[in-house]
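Here is a short briefing on salt bridges and helix geometry. Look over the sequence and the model before reading on.

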Amino acid sequence: MTDGEKPDGTARERLLTLRAATEARLAALDGTFEEVVAASESANADDEHDPEGTTIGYERAQVVALTESARHTLGEVDAALERLEQGTYGVCQNCGNPIEPGRLEARPTATLCVTCARAAAR
């Protein structure tokens with residue numbers, strides 16, 4: 001946890017806001033997926049050669065990928081909320097040093113400080 005920040009402070013608010021936005025995105029994606037499936041039931045069975053543009057299969061794959069990404073984000077948010085409860089939020093899981101407040105503001109689910117994140121990206 002960063003200096004001066006309490007578990008019920010700004011970090012919690014950021015994480016809960018991110019969680020709510022991600023849940024809303026998931027709900028919208030679920031609706032989109034249902035629309036794509038419904039469209040495929042009434043569409044030309046040979047959508048791979050449809051001159052109208054993207055295929056229904058491609059659209060379905062896009063929605064699935066976005067859904068998986070949103071579910072991953074929810075997992076990261078839940079893990080960050082757990083770290084907040086345990087008092088380890090804002091502590092680099094690699095080196096144990098504090099994660100910079102700016103990094104946590106930009107990426108509230110961050111588990112690594114900037115130095116360790118750069119090293120991990122190499």
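Arginine 12 and glutamate 85 join their side chains in a salt bridge, with N to O at 2.3 Å (a side-chain nitrogen of Lys or Arg within 4 Å of a carboxyl oxygen of Asp or Glu). Arginine 12 sits in helix 1 (residues 10-42) and glutamate 85 in helix 2, so the contact ties together parts 73 residues apart in sequence. Helices here are DSSP runs of H or I with at least four residues, numbered from the N terminus.

The model is predicted: local features need pLDDT of at least 70, side-chain atom pairs count only at pLDDT 80 or more, and totals for chains, interfaces and linings use all residues. Residues are numbered from 1 along each chain as its sequence is written, and side-chain values use heavy atoms, leaving out hydrogens and water.

**Salt bridges**
- The whole structure holds four salt bridges.
- Arg19, Glu23 and Asp78 form a linked network.
- Arginine 19 pairs with glutamate 23 at 2.2 Å between the closest N and O atoms.
- Aspartate 78 pairs with arginine 19 at 2.7 Å between the closest N and O atoms.
- Aspartate 78 belongs to helix 2 and arginine 19 to helix 1, so this pair ties together parts 59 residues apart in sequence.

**Exposure**
- Glutamate 85 is exposed, at 54% relative accessibility (exposed is over 50% relative accessible area, buried under 20%, partly exposed in between; 1.4 Å probe, protein chains only).
- Glutamate 23 is partly exposed at 39%, and aspartate 78 is partly exposed at 33%.
- Buried residues in helix 2 include Ile56, Val63, Leu74 and Leu84.

**Helix 2 end**

Key: Helices (H or I, at least four residues) and strands (E, at least two) are DSSP runs, numbered from the N terminus.
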